[in-house]
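Here is a short report on a metal site and a strand. The sequence and structure come first.

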Amino acid sequence: MTLNDLTRETGEWLRGKGPKGEIVMSSRIRLARNLDDLPFPHWAKPVQRAQVLARVQDMIKVSKFLKGSMFLKIGELSELDRLFLVERHLISREHAVEGTESNQKGVVISDLEIISIMINEEDHLRVQVMQSGFNLQEAWRVLGQVNAEMEEKLAYAFLPEWGYLTACPTNVGTGMRASCMLHLPCLVITKQIDRVLHAITKLGLTARGLYGEGTEALGNFFQLSNQVSLGISEEEILDNMERLIRQVIEQEEAARTALLNQSRNSLEDRIWRAYGTLRSAHLITSNETIEMLSLVRLGVDLGLIATLEQGKVNQLFIQTQPAHLQKLEGRPLTPSERDARRAKLLRESL
Amino acid sequence: MRCDLCNEREATVHLTEMIDDQSRELHLCEPCAREKAPKGLQGFGLAELLAGLADFGSKMGEETKAKLVCPRCKMTYEDFRKTGRLGCGQCYETFHRALAPLLKRIHGSGEHVGKEPAAGKVPAEELSQLKEQLKKSVAEEAFEEAARLRDRIRALEVKPKRARKI
Ligand SMILES: [Zn+2]
Ligand SMILES: [Zn+2]
């Protein structure tokens, strides 16, 4: 498998088939791990970072779960390919930016993009599993298997008192960050979103935008994740998150029902106008696309737009991103060329 | 309390800086503390944030802390203050006294209760290093440090390693 094969495929997490997929786009869990005998990436010498990369590469060759995965060195990728991986949520923005040769950054990507491992990011390893819909349990089951296998081959920095040791003290303990991507258009429309997010923040979750830390909540997407990783077990973290997220889902469902009952016409108007824009535009920016697709996704979920499948809409969120468009076209595009190409793709797909 | 920077999220990081006897307070949410503080506010980088927290409640004298050097990766406590990042796993032991209150403040708890590495992974190398450090501390009559190391060695040697699948 090569990077270009991915352009024709869809990650498992975009299928739109998981539990509560109409509100929860995807569930993801990542574990931060560091090798016991080498300095953390930012403090290591290039030769030590190269050792990390080499050990992971060796580990993959004998791994049951990762055999056949793609192993990529970030320093060998074009800027476009790096952005492509960011858009697919396979690597972080930070991992893409500082991808010079001496940083020895790498990424492992499994079949269907379910498992991915960032190498030499803030920690030696960031092992991530993504699933479609509200499915932290399945993500944890897969991650548990991968992690157990990796732990047989790699000795990790660990203290009984403080758990898995990480470069930043905010990640010690379980080293776990679990997150769900929620689509909450009706909580936004009914102006309840601030109250809901405020409440869950008080109860131990953090809310971020579509592309992680510091990004705004574009397209009514909110990424909710656990704040604390020490003094709480992995199962407790997941239980706590599931309980809270279930409540957020219920609130969004209630808002959807209320809007349909009380202002159906104006809701339908917004949704169909968005659909119309996407089907007719000849120039459209990435941000407008996300905002309009968000309403179309809602229309599909509510059964108003019966001709579209949710998986297709999910896919368009990613395919209309700048790097994806350029991979599709097979050449670099200026921003205005991209707006035209994006509009063409949307007209053809919808 | 709302965050001073974005005025949206709840502030969870609280800072006080003393300049010429004037205290200045800053209340930030976690994303802003990480993202915006280093750019927006000179002298309020994440490193300072973390170090500021680290100093909070720590009974260890500044001088003692400044002298700490990680035997494995050579990171000094000063380096940690500057970057907000540890240098290696061993740093957590080296800076143990300074880190304990920081971790408590970040996580609200000081003890790991989650998964542990599978059986047979108590690194022999780590034990022998600790024993080496213990000898040195005793020789230097740094008895507080020696007592800590002794407890740590005991914990490592006695603690039965559970083999477990998650
Ligand atoms: Zn803020
Ligand atoms: Zn160190």
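## Zinc site

In this predicted model, the zinc ion (ligand 2) has four protein donors: Cys70(B) (SG), Cys73(B) (SG), Cys88(B) (SG) and Cys91(B) (SG), at 2.3 to 2.4 Å. Donors are N, O and S atoms within 2.8 Å of the metal (3.2 Å for Na, K and Ca); water is not among the atoms, so sites may look incomplete. The donor residues follow the spacing C-x2-C-x14-C-x2-C.

The site is tetrahedral, with angles of 99 to 123 degrees among the four donor atoms. The ideal tetrahedral angle is 109.5 degrees. Cys70(B) and Cys73(B) are both buried (under 20% relative accessible area, 1.4 Å probe, protein chains only).

## Strand β5 of chain A

Strand β5 (residues 125–132) of chain A is largely enclosed by the rest of the structure, because eight of its eight residues are buried. Strands are DSSP runs of E, at least two residues, numbered from the N terminus. Leu125(A), Val127(A), Val129(A) and Gln131(A) point one way from β5(A). Arg126(A), Gln128(A), Met130(A) and Ser132(A) point the other way.

## Its partners

Strand β1 (residues 24–33) of chain A pairs antiparallel with β5(A) over eight bridges; pairing takes at least two DSSP bridges. Ala32(A) sits opposite Arg126(A).

Strand β4 (residues 115–119) of chain A also runs antiparallel to β5(A), joined by five bridges. Here Met118(A) has Arg126(A) as its bridge partner. β4(A) and β5(A) form a hairpin with five residues between them. Asn120(A), in the turn, has a positive phi of about 60 degrees.

## Conventions

Residues are numbered from 1 along each chain as its sequence is written, chains are lettered from A and ligands numbered from 1 in the order written. Local features need pLDDT of at least 70, side-chain atom pairs count only at pLDDT 80 or more, totals for chains, interfaces and linings use all residues, and side-chain values use heavy atoms, without hydrogens and water.

Definitions and conventions: Tetrahedral: all angles 85-135°; square planar, octahedral: opposite > 155°, others 65-115°. Buried < 20%, exposed > 50% of the residue type's maximum accessible area, 1.4 Å probe, protein only. Helix = DSSP H or I, 4+ residues; strand = E, 2+ residues; numbered from the N terminus.
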